[in-house]
Structure formats: C-alpha cells, structure tokens
Amino acid sequence: MPTKIIEKEIEKLDFQSGGEASSQLKNKLRKLGVTNAIIRKTAIVTYELEMNVVIHSEGGVIEASVSPENLEIIVSDSGPGIKDLDKAFTPGYSTASDEIRKLGFGAGMGLVNVKRYADKLNVETALGQGTVIKVIINFN
Ligand SMILES: Nc1ncnc2c1ncn2[C@@H]1O[C@H](COP(=O)(O)OP(=O)(O)O)[C@@H](O)[C@H]1O
Ligand SMILES: [Mg+2]
C-alpha cells in the first residue's frame, strides 16, 4: 500500500509559494533515507510540474506517495489543458508569455526533464478542462 507523504494546493501565478511542494517533498524523502540521486530527480520533476501549474493553469494539486518500490507523484490542474503533447515535450517549446519569460521561466525544458527523470510517465489532458500528470520514480 502506498503512503501519501505530501498533498498541497498550487495556486495560479503564485510565484511566492511556487516550488514549496518540491522542497517539502525533498525534506520528507531525506528523512525517509532516500538516496540523494533519487531526491535530486524527484526535486526536478516536482518543481517543473509545480511551476507548470503556477504558470500555465488555473491552479491545481500535487500529491506524492511512497511504497517500498517507488515514489508516485500526481499533479492535477484545472485549466486550458495541453493542446499538442508532442510539441509540449519538444525541447525549447513554450507558450509562456513575455511577462513570464522576464521572470526567468519559459525555457521549454520542463516537460523534457520530467520525461528524462521519470521511470514511468502518464499524461491525461482535456482541452478547456485540465491536465493530470502521473510520474513514477523507482527506488532502484
Ligand atoms: N499544466 C499545464 N497546463 C497547460 N499547458 C501546459 C501545462 N504544462 C505544460 N504546458 C504546455 O507545455 C509547454 C511546455 O512545458 P515546459 O516544457 O514545462 O516548458 P515551459 O513551462 O518553460 O513553457 C508549455 O509552454 C505549455 O504550453
Ligand atoms: Mg515548465
């Protein structure tokens, strides 16, 4: 049975708290004795997914659960959904506005890195409704 170790709401355009879930999760994993390599991967994945909700959606929730075998991260949001998944996973592709780019986001590498570090990745998206992204990171 997986144990939920984090569940946190993510607010649209909340750059103040954006990234908090990612660092909370890092601390929990460290206490659980998870290796630094896994923690690093997890931090990248959760930060990118969290910031995508902040930047590209109307808000959502991040949840993470652990089992003896793996860590499962689920990030769901309400929002526009992702129109073209192939494009979204293309390095450098971003629909971020100039305003957002001035804040240092919109490099278009987020989903590419999520894919790189996920051992399993599932994306469900519905236009005008929202997106659910599930990532599994194995412990070995
Ligand atoms: N949660 C989301 N809701 C809607 N669109 C998204 C979401 N996450 C990603 N996208 C779309 O996929 C694109 C690529 O995402 P990403 O690789 O993280 O790059 P970036 O966030 O720098 O734009 C985004 O520009 C956006 O168009
Ligand atoms: Mg991104």
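This passage describes the fold of a predicted protein model. Local features need pLDDT of at least 70 and side-chain atom pairs pLDDT 80 or more, while totals for chains, interfaces and linings use all residues. Residues are numbered from 1 along each chain as its sequence is written, and side-chain values use heavy atoms, without hydrogens and water.

The protein has five helices and five strands. Both are DSSP runs numbered from the N terminus: helices are H or I with at least four residues, strands E with at least two. From the N terminus on, the order is β-α-α-β-β-α-α-α-β-β.

The radius of gyration, taken over C-alpha atoms, is compared with a globule rule of 2.2 Å times the number of residues to the power 0.38. For 140 residues, a compact globule would have a value near 14 Å; the protein has 14 Å, which agrees. The C-alpha atoms fill a box of roughly 40 × 30 × 25 Å along the principal axes. Buried residues make up 39% of the 140 residues. Buried means under 20% relative accessible area, with a 1.4 Å probe and protein chains only.

Strand 2 spans residues 59–66. Six of its eight residues are buried, so strand 2 is largely enclosed by the rest of the structure. Strand 2 pairs with strand 1 (residues 3–11) in the antiparallel sense over eight bridges. Pairing requires at least two DSSP bridges between two strands. Here Ile6 has Ala64 of strand 2 as its bridge partner. Eight bridges also join strand 2 to strand 3 (residues 70–78), again antiparallel. Glu63 is bridged to Ile74 in strand 3. Strands 2 and 3 form a hairpin with three residues between them.

Key
Chains are lettered from A and ligands numbered from 1 in the order in which they are written. Buried means under 20% relative accessible area, exposed over 50%, partly exposed in between (1.4 Å probe, protein chains only).
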